[in-house]
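Q: Could we go through this structure together, step by step?
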Amino acid sequence: MPLLELRDVRRAFRSPDGNDQLIVDVPSFEVDAGQQVAIAGTSGSGKTTFLNIIAGLLAPTSGEVVWDGEVVSSLGEAKRDAWRARELGYVFQTFNLLGGYTALENVTLGMMFGPGPDREFATSLLERLGLADRLGHRPAQLSIGQQQRVALARALANRPRLVLADEPTGNLDPRFALEALGLLRELCREQGAALICVSHDPRVLDDFGDPVDFAALNRAMAQEPQGS
Amino acid sequence: MRSLFFIVARSLRQHLLSTIITVISAGLASGLVMSVFTVSEQSRTAFTGGDIGYDAVLGAKGSQLQLVLNTVFHLETSPGNIPWSLYQEVKGRGDVRYAIPYALGDNLYGYRIVGTTREIFDVFEFQNGEKFRFQGDGQPFDEGFQEAVLGSVVAEKLGLKRGDTFRPYHGLQYMPGSAPHQELYKITGVLKPTNTANDGVIWIPIEGIFRMDGHKLAGGTEEVERGASIPDEWKEVSAVMLKYSSPIRGKFMQDEIRRGDSATLAWPIASVLGTFFLKIGWITKVLLYVAYLVVVVAGFGLLASIYNTMNERRREFAILRALGARKQTVFSAIVLEASSIALLGSLVGYAVYGGVLLGSAMIIREQTGVVLDVTSIHPSLLWTPLGMVVVGALAGVIPAIKAYSTDVARTLA
């Protein structure tokens, strides 16, 4: 049984002219436990919407998101929130760290909604990512690369079974991009977490070797130009 | 729950300046409400509830309230004089334990000089069982000499002590530049503080008032020659302080006095003052309405303070949601944050309350000699902070609804 399965998932948005515009139309998509998948797609192709549907941040207009045999897309919002906190880690393109929190607090905060704060584990993650002397720093006091590593630590802090990474190297200097990606993949492997990484960065896609073409996956892209 | 407090604590820290300003604003509002309740209640109790040592005041025809304010609190002017014969008549009654004359006309730098008899030191009780006591080796005045006894506040404020001398000024108000009377008074003693209006009074023999240079007796027609004896029919007093063998005797005397047309008996004194506070109760109400309005303004300030940060914080809430925070968690965090600000404000409010209460107590003591019980606990000290927290929570609801309805995917896009 796959860890994650999408069955005929569609998501449409109401456009300003009042018509429904189909953004995502994925007939089938599966990820096994521990599998690492790269999805290649251009900007505005609906990749972020696709990830948000998987994460339960957006409900599909139709279709099902199945997690470990259970349909999670039809769960109530509160149960989906709890599921997300427990099972998923999310690395955003813009990191989305909380400005008023230190690096360590950013990591432990996510744990509070999941299994509970484990300061020791959060610290060890940040140390592993080379931030031992930056635990008490706020995002504004960190470099872009350091912020990215805090975001990685936060995504992995709850020991999730699936990590979603949305253009994880998009804001990074090319020198650090592959290093960050390597760390993410390595940590996922260590924790046994599956990884879905969407990107249009050829270096990222090359690193994975055999990326999934989002244009082929998403039938909505064949119909008309889309926005994400 | 732990995450909730964590989020609130960080948010308060992140918006420290607006938090401090809003806390101070809530503190002022809360402190104002507690102060108005306590000061008004304490004032009423202090002015109407205390034992003042006598049951009634006999004075010229006029307002009972004026008589009481004039004699008990040494405020206001006297409504006029009553003849010496009336004083002697009531003094001789079997149902009167003591009758002490009270004659006005002069001041020392604004402090009232009262002419009376030695009974004020020998039998008068300013509170139940409490007679005036002297500081150090002070003595009562001798009625045959130009001697004076000072209340503790007068001595302290004017820097006078036993053995010093002074010349009285005419009238109840001190007029800078005016010439004093010729008579020189020697201070024989300073009284220990009584925490009553009596601390602001200078007591001299009543003969001194009659004989003061420029004073006219017998309805303002006769002036006493130096060394001459004073006919009783010339003498007048502003009031007589009466203590009955039983307080209810005042009722009988009041009926008798009412049948005549030359005097007024203020009895019972607490009732006269109670009526007065009832009449001026609207002032307290207005002050309370103002205080409530300040609370509402503080509530809106709190709302505005949080609401104004909502745009910048919407992304923060979306991130929290993406990390697994439930909608209810985000909603509760905002309401808890607003309540926490109100609670902190209430703590500041206690400091404001303490300051206002001490300030008011000092001013009231300064002006009237009456001492408020600053240690007394009014119920408003409990329910005002609670009410403030409720106002805070309500102020947080609108921003909380906004946070609750944040579209996570769109905000993070």
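Q: What kind of model is it, and how are things numbered?
A: This is a predicted model, in which local features need pLDDT of at least 70 and side-chain atom pairs count only at pLDDT 80 or more, while totals for chains, interfaces and linings use all residues. Residues are numbered from 1 along each chain as its sequence is written, chains are lettered from A and ligands numbered from 1 in the order in which they are written, and side-chain values use heavy atoms, with hydrogens and water left out.

Q: How many helices and strands has chain A?
A: Chain A has nine helices and nine strands; helices (H or I, at least four residues) and strands (E, at least two) are DSSP runs, numbered from the N terminus.

Q: And what are its spans along the principal axes?
A: The C-alpha trace of chain A spans about 50 × 35 × 35 Å.

Q: How much of chain A is buried?
A: Of its 228 residues, 56% count as buried, that is, under 20% relative accessible area, with exposed over 50% and partly exposed in between (1.4 Å probe, protein chains only).

Q: Now the interface. How many residues of chain A are in contact with chain B?
A: In chain A, 25 residues are in contact with 22 residues of chain B, contact meaning heavy atoms within 4.5 Å.

Q: Is helix H1 of chain A enclosed or open?
A: Helix H1 (residues 47–55) of chain A is largely enclosed by the rest of the structure, because eight of its nine residues are buried. Among them are Lys47(A), Phe50(A) and Ile54(A). Just after H1(A), Gly56(A) takes a positive phi of about 80 degrees.

Q: Which residues have a positive phi without being glycine?
A: Asp68(A) is one, at about 55 degrees, in the loop between strand S4 (62–67) and strand S5 (70–71) of chain A. Asp68(A) is partly exposed, with a relative accessible area of 36%. Arg159(A) has a positive phi of about 50 degrees and lies in the loop between helix H5 (144–156) and strand S7 (162–166) of chain A.

Q: Where is the cis peptide bond?
A: The bond joins Trp267(B) and Pro268(B), with omega about -15 degrees.
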